[in-house]
Amino acid sequence: MVKKNSKKSKNPPATITRNKRATFEFKIEDKIEAGLELQGWEVKSLRMGKVTLADCYVYIKHGEAFMHGCTVQPLNTASTHVVCDPIRTKKLLLKRSEIDKLEGLIERQGYTLIPLSLYWRKGAWVKVEIGLGKGKKDHDKRQDTKEREWKVEQSRVMKKSRLDG
């Protein structure tokens with residue numbers, strides 16, 4: 001009889017969407033999980049997967065964190081009685097100490113806050129994973145592209161050698 005590992009969660013977080021461009025444009029050094037303040041129609045749209053994080057960023061103003069540029073497309077059936085703003089700025093739910101730490105890193109060391117992914121936590125709570133990163137130079141992007149292409153080529157060679165042997 002195999003014992004289950006109690007440290008693993010029974011329900012892994014279900015990813016709603018990922019910001020794939022963020023890891024290409026920025027070197028992510030730290031990741032933070034934050035809650036998201038949403039309206040009812042936005043939650044319904046998130047359940048249907050009608051959200052994009054492209055061109056999205058996080059800023060801190062008056063001691064509060066906000067996510068700007070996240071597009072949530074309203075559903076025709078869920079938002080008939082409400083005026084929906086698809087690119088509404090959303091407030092992030094972070095502790096004061098986390099906000100102060102992030103604000104110091106942004107102002108003094110030139111970091112940027114980028115939303116990396118949206119996911120469900122414990123079935124009902126929407127969380128956003130924020131990356132603390134710095135912009136990559138062009139030569140860093142070229143190096144990443146070379147590594148990605150080499151991995152694809154390597155997997156092709158390995159697959160071919162397994163079929164031949």
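## Model and confidence

The model is predicted: local features require a pLDDT of at least 70, side-chain atom pairs count only at pLDDT 80 or more, and totals for chains, interfaces and linings use all residues. Residues are numbered from 1 along each chain as its sequence is written, and side-chain values use heavy atoms, with hydrogens and water left out.

The predictor's confidence in each residue is given as pLDDT, on a scale from 0 to 100. The chain has an average pLDDT of 82, and 90% of the residues score at least 70. Where pLDDT is low, the predicted coordinates should not be read in detail.

## Strand pairing

Strands are DSSP runs of E with at least two residues, while helices are runs of H or I with at least four; both are numbered from the N terminus. Two strands pair if DSSP finds at least two bridges between them.

Strand 2 (residues 26-36) pairs with strand 9 (residues 125-135) in the antiparallel sense, over 9 bridges. Within this pairing, glycine 35 of the chain stands opposite lysine 127 in strand 9. Strand 2 also pairs in the antiparallel sense with strand 7 (residues 90-93), over 2 bridges. The bridge partner of leucine 36 in strand 7 is leucine 92.

## Two buried residues

Serine 117 belongs to strand 8 (residues 112-121) and is buried, at 3% relative accessibility. Leaving aside residues up to four places away in sequence, serine 117 touches Thr17, Arg18, Leu53, Lys127, Val128 and Glu129.

Isoleucine 16 lies in strand 1 (residues 14-18) and, at 16% relative accessibility, is likewise classed as buried. Residues up to four places away in sequence again being left out, its contacts include Leu46, Val51 and Trp120. Isoleucine 16 and serine 117 are 101 residues apart along the chain, yet their C-alpha atoms are separated by 7.5 Å.

## Aromatic rings and charges

Rings of Phe, Tyr and Trp (its six-membered ring) pair if their centres lie within 6.5 Å; planes under 30 degrees apart are stacked, over 60 edge-to-face, and the rest tilted. The whole structure holds 2 aromatic pairs. One of them joins tyrosine 57 and tyrosine 59 in a tilted arrangement, 6.2 Å centre to centre with 45° between the planes. Both residues are partly exposed: tyrosine 57 has 39% relative accessibility and tyrosine 59 has 27%. Ring pairs link Tyr57, Tyr59 and Phe66 into a cluster.

A charge sits over a ring if NZ of Lys or CZ of Arg is within 6 Å of the ring centre and within 35 degrees of the ring normal. The charged end of arginine 47 lies over the ring of tryptophan 120, 4.3 Å from its centre. Lysine 134 is placed over the face of tyrosine 111, at 4.9 Å from the ring centre.

## Positive phi in loops

Most residues other than glycine have a negative phi. Aspartate 55, not a glycine, has a positive phi of about 60°. It is found in the loop between strand 3 (51-52) and strand 4 (57-61), and aspartate 55 is exposed, at 72% relative accessible area.

Histidine 62 also has a positive phi, near 55°. This residue occupies the loop between strand 4 and strand 5 (64-68), and histidine 62 is exposed, with a relative accessible area of 75%.

Terms used: Buried means under 20% relative accessible area, exposed over 50%, partly exposed in between (1.4 Å probe, protein chains only). Contact means heavy atoms within 4.5 Å.
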